[in-house]
Amino acid sequence: MDPLTLGGIVALATILVLFSGVSVALGLLIVSTGFLMVFDGMRSLELLPEILFGKLDNFALLSIPMFIIMGSSIASTRAGADLYEALERWLTRVPGGLVISNLGACALFAAMSGSSPATCAAIGKMGIPEMRKRGYPDGVAAGSIAAGGTLGILIPPSVTMIVYGIATETSIGRLFLAGVIPGLMLVALFMAWSLYATWRSGDQELLNATSYSWKEKFEILPRVLPFLFIIVGVLYAMYGGVATPSETAAVGALLCLIIAMVIYKLWNPRDLWIVLRDSTKESVMILFIIAAAGVFSYMLSSLYITQSIANWIGTLDVNPWVLMGAVNVFLLIAGFFLPPVAVILMAAPILLPIITTAGFDPIWFAVVLTINMEIGLISPPVGLNLYVINGIAPDISLKTILTGSMPFVGCMVLAIVLLCLFPGLATWLPDAVMGAAL
């Protein structure tokens with residue numbers, strides 16, 4: 001059978017299996033095993049255990065559970081509420097400053113936790129009721145938190161970026177740096193739209209700010225600054241040549257646990273067990289997907305599907321940007337139905353040779369891919385962040401949350417356009433800090 005035709009059949013079979021409700025990892029294993037048995041025979045299955053476990057034999061993978069523990073220890077405390085309150089006290093004199101403080105808190109909490117749902121839950125529990133109490137439109141209140149939560153997979157340290165780096169054998173340090181400027185750009189775009197939507201409502205009460213004394217502003221800082229110092233320390237250790245990403249993640253996780261225990265009195269063994277239990281569950285899920293995706297990639301390569309697609313793309317006489325537009329549409333559709341980690345692990349083996357053949361930078365592409373995944377987090381039918389917000393504020397209809405989130409989807413699309421026009425937004429900082437890539 002022609003490899004391209006076979007590739008189409010594999011894609012269709014994968015979609016059907018995943019839509020059946022099985023887990024992503026198990027679905028990938030079912031598809032991979034089935035096609036290898038049919039086209040390569042039973043003997044091909046002898047290599048699967050070696051491939052499955054060999055994919056996990058990577059020291060860099062240790063950074064995933066460590067960063068997840070780092071985020072879980074923060075998410076299990078009042079760190080999000082304190083961060084929100086600190087920014088509110090410092091920014092409340094700015095017209096419409098409450099929505100700015102919410103988005104700023106989302107950005108900082110995302111940098112500490114690396115988790116979009118955790119960011120939504122932690123900041124949304126405080127931010128949404130407070131914004132509604134002061135008269136902000138429900139759509140702005142819910143949409144800004146849902147969109148701000150997506151920053152968790154872009155702003156470093158990001159588990160999604162780690163997974164992309166491992167899947168494509170790309171420098172994780174460069175990927176983290178590549179997400180900084182686009183992440184800040186997205187925060188600025190979100191803030192600009194939120195302020196515009198707030199002012200457009202015409203409710204002058206929204207601009208009336210609560211006054212805080214300097215004492216009230218400074219007394220909240222000691223509860224927040226230690227976590228910010230950890231972020232700075234993690235990034236310095238990584239880029240200052242002090243430690244590898246895995247070693248840095250381990251130290252960061254330990255320090256976050258210590259701070260959670262000292263500042264937030266997380267002494268109860270049951271609470272610590274919950275942090276470690278939930279972190280282990282999430283880590284195992286991600287690592288199982290990585291292992292299964294390794295088998296899936298082997299199947300695609302063994303059946304010559306990946307190579308044929310890359311060769312076919314190379315023979316097409318089309319503008320590279322038309323090709324990139326098609327790739328973005330594919331990523332958007334995939335992100336609507338699958339979690340970011342699954343999309344990256346499934347698509348990277350196919351897309352990487354395509355985008356490099358077309359002359360695009362894989363570091364730049366990682367940022368574009370991640371923003372596409374962010375759009376999926378606030379878009380139906382899966383839209384995980386939409387349901388997190390609906391759980392926090394059940395009296396706000398899902399339709400209102402979705403309507404409030406759509407302008408932020410527009411901001412993300414604009415960010416992708418800006419990245420296409422100015423690739424240096426993603427590539428300048430990695431090159432400036434770590435030198436030009438060879």
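Helices are DSSP runs of H or I with at least four residues, and strands are runs of E with at least two, numbered from the N terminus. In this predicted model, local features require pLDDT of at least 70 and side-chain atom pairs count only at pLDDT 80 or more, whereas totals for chains, interfaces and linings use all residues. Side-chain values use heavy atoms, without hydrogens and water, and residues are numbered from 1 along each chain as its sequence is written.

The chain contains 22 helices and zero strands. Its radius of gyration, taken over C-alpha atoms, is 22 Å, close to the 22 Å given for 438 residues by the globule rule, so the chain is as compact as a globular protein of that length; the rule is 2.2 Å times the number of residues to the power 0.38.

Buried residues (under 20% relative accessible area, 1.4 Å probe, protein chains only) account for 53% of the 438 residues. The largest nonpolar core comprises 148 residues, among which Ile64 and Phe365 touch the most other members. Helix α15 (residues 269-302) supplies the largest share of this core, twelve residues. Such a core is a set of buried Ala, Val, Leu, Ile, Met, Phe, Trp, Tyr and Cys residues joined through side-chain atoms within 4.5 Å. Beyond residues up to four places away in sequence, Phe365 touches Tyr164, Met324, Val327, Leu331, Leu351 and Ile355, contact being heavy atoms within 4.5 Å.

Met37 lies in helix α2 and counts as partly exposed because its relative accessibility is 35%, partly exposed being the range between buried and exposed (over 50%).
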